[in-house]
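Me: I have just opened this structure and would like a guided look at it. Could we go through it piece by piece?

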Amino acid sequence: MPLLLIAGLATVLLAAALLATRRRATVGAGVGGTDVSAAMRPIVRRSTITRFAGFGIGLAAAAAILTAAPPNWLGLEAALAAPAFALCLLAGVLIGEITGTVPTGPDRAAPIEVRSVRSYLPRFMTGAVIVLGAVLAVLLTATSLMGSADDMSRAGRFLTLNCQDLTASTGPWPGVYYSLPIAASVLIGIAAAAPTLHAVTRRRRPASGDAVRAADDDARRASARAIVAACGVLVAAPLTGTGLYTGMAMTGNACATAAVTAFGWTALALGLTAFIASCWFAAMAVFPYRAAQR
Amino acid sequence: MTFEVRVDTASPVPPYEQIRAQLSELIDQGRLVAGDRLPPVRQLAADLGLAVGTVGRAYRELEAAGKVSSRRGGGTRVTAEAAPRPPAELARLAADYVEAARRLGTADRDLIAAVQRALAPQ
């Protein structure tokens, strides 16, 4: 039931994000004639198809993890579903960039230019991902240090606080039982994003000419935006769960001091913010052209 | 303005030599100046559908000629020593002028002064 609620809210926010990002950069429009469209069409079509395929497979993989996880995972499947989705999306973008780009024929041309990853990265979104990643790292470190074992001696599953003669435990708590797999999956995702970004810069130009180059750069920016947005989902989704469960455990603990309660409410707000960010990143990952030229 | 490198894989001239010759010409003509960065070897190789070693050999030959220098992390750049040479056509015109002026018995000092007068704003 909570999952259905989250999915419904995510759908609403996804639709809102799409409506908010109306400006669509049609590749080739306004920068050239039919030659530009002809040159760019196969690239845009291929990258769109593989991106949507990655998105679909990612959703299926996330759903499979959520439904098929054994009961002894104790909620770990919810933390790993988002990285699985993001990895599939990254794979879709990567396949779109590396397939069908080998030049054929005896006459070949290449521009003398240096294409760097930095020139295609969306600044605001990259900054947001870095900030959320840093917040996730700090929060997971803090919760790992504060966690204690549960009644089955599983390390870091509960928050145990003492006050006078009382010992109060609340959970589930994002201690090492959850934080280590989350951290590992995020690091694997980021490691997969790096070569995908390099593939975006290495893809050859479809044709020569300034108009084609401008349209091709737009397509590369869209791919880079999809990759960074996938990284955003990779980081923001676990931060949502970590923030919410940290907040619920802290505010619900009978021995919580004022500082702990305040930290708990902060974590709840952080989780909610990360949830909204997750929806925004998901929208940008699927429809990167809609956010072009921001 | 972005320049292009063209390779004809059916040509008897090896691809690395075609790349080297074109880049060398662009440097000699001053179209690529000191500090300009050449594309990374892997990028140019992917763009042209050639092996990385082929482009790498062209870059090594240019480096051996002192026209470019490669630095780890800094890419391959045109060196300051690779000063642009005047185009062949300009050199031919200059030689024709000097030859014609000397036939008239003009001293070197006077033919230089004539060029300077011609260059002076009207």
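**The annotated region of chain B**

Reply: We can begin with a record: the unreviewed UniProt entry places the feature "domain: HTH gntR-type" at residues 13–81 of chain B. Please keep in mind that this is a predicted model.

Me: What is the helix and strand content over residues 13–81 of chain B?

Reply: That stretch is 51% helix and 12% strand, and its end C-alpha atoms are 27 Å apart.

Me: Which domains does the domain assignment give for chain B?

Reply: It gives domain 1, covering 15–78, and domain 2, covering 88–119. The centres of these two domains of chain B, taken over C-alpha atoms, are separated by 36 Å.

Me: How do strand 2 and strand 3 of chain B pair?

Reply: Strand 2 (residues 68–71) and strand 3 of chain B pair in the antiparallel sense over four bridges. Within this pairing, B:Val68 stands opposite B:Val78. The two strands form a hairpin with three residues between them, and B:Gly73 in the turn has a positive phi of about 90°.

Me: And which residues of strand 3 of chain B are on the covered face, and which on the uncovered one?

Reply: In strand 3 (residues 75–78), B:Thr76 and B:Val78 form the covered face, while B:Gly75 and B:Arg77 form the uncovered one.

Me: Where is B:Ala120?

Reply: B:Ala120 lies in the segment after helix 5 (108–119) of chain B. B:Ala120 and B:Ala10 are 110 residues apart in sequence, and their C-alpha atoms are 50 Å apart in space.

Me: Is B:Ala120 buried or exposed, and why?

Reply: B:Ala120 is exposed, because 7 other C-beta atoms lie within 10 Å, and a residue counts as exposed at 12 or fewer.

Me: Changing topic, how many helices and strands are there in chain A?

Reply: Chain A has seven helices and three strands. Along the sequence, they follow the pattern α-α-α-β-α-β-β-α-α-α. Of the 294 residues in chain A, 44% are buried. Among contacts in chain A between residues at least 6 apart in sequence, 77% join residues at least 24 apart.

Me: Which residues have the most contacts inside the largest nonpolar core?

Reply: They are A:Ala86, A:Ile227, A:Ala230, A:Val233 and A:Ala285, in a core of 75 residues. Several helices of chain A each supply at least two residues of this core, among them helix 2 (34–68), helix 3 (76–98) and helix 7 (258–286). The largest share, 20 residues, comes from helix 6 of chain A.

Me: Taking A:Val233, what is it in contact with, leaving aside its neighbours within four places in sequence?

Reply: The contacts of A:Val233 include A:Phe85, A:Ala86, A:Phe281 and A:Ala285. There is also a second, separate core of 23 residues, which includes B:Leu26, B:Val41, B:Leu62 and B:Ala82.

Me: How many residues does the contact take from chain A and from chain B?

Reply: It takes 16 residues from chain A and 21 residues from chain B. On the side of chain A that touches chain B, strand 1 (residues 107–111) gives the most, with five residues. The residues on that side of chain A divide into eight nonpolar, one polar and seven charged.

Me: How does strand 1 of chain A pair with strand 1 of chain B?

Reply: Strand 1 of chain A and strand 1 (residues 4–8) of chain B pair in the antiparallel sense over five bridges. In this pairing, A:Ala109 stands opposite B:Arg6.

Definitions and conventions. Residues numbered from 1 in each chain as written. Chains lettered and ligands numbered in written order. Predicted model: local features only at pLDDT ≥ 70, side-chain atom pairs only at ≥ 80, totals over all residues. Domains from an automatic or database assignment. UniProt positions renumbered as here; feature names shortened; annotations may be inferred. Buried ≥ 20, exposed ≤ 12 C-beta atoms within 10 Å, placed from the backbone. Contact = placed C-beta atoms within 7 Å. Nonpolar A, V, L, I, M, F, W, Y, C, P; charged D, E, K, R; others polar. Pairing = 2+ DSSP bridges. Core = buried A, V, L, I, M, F, W, Y, C linked by C-beta atoms within 7 Å.
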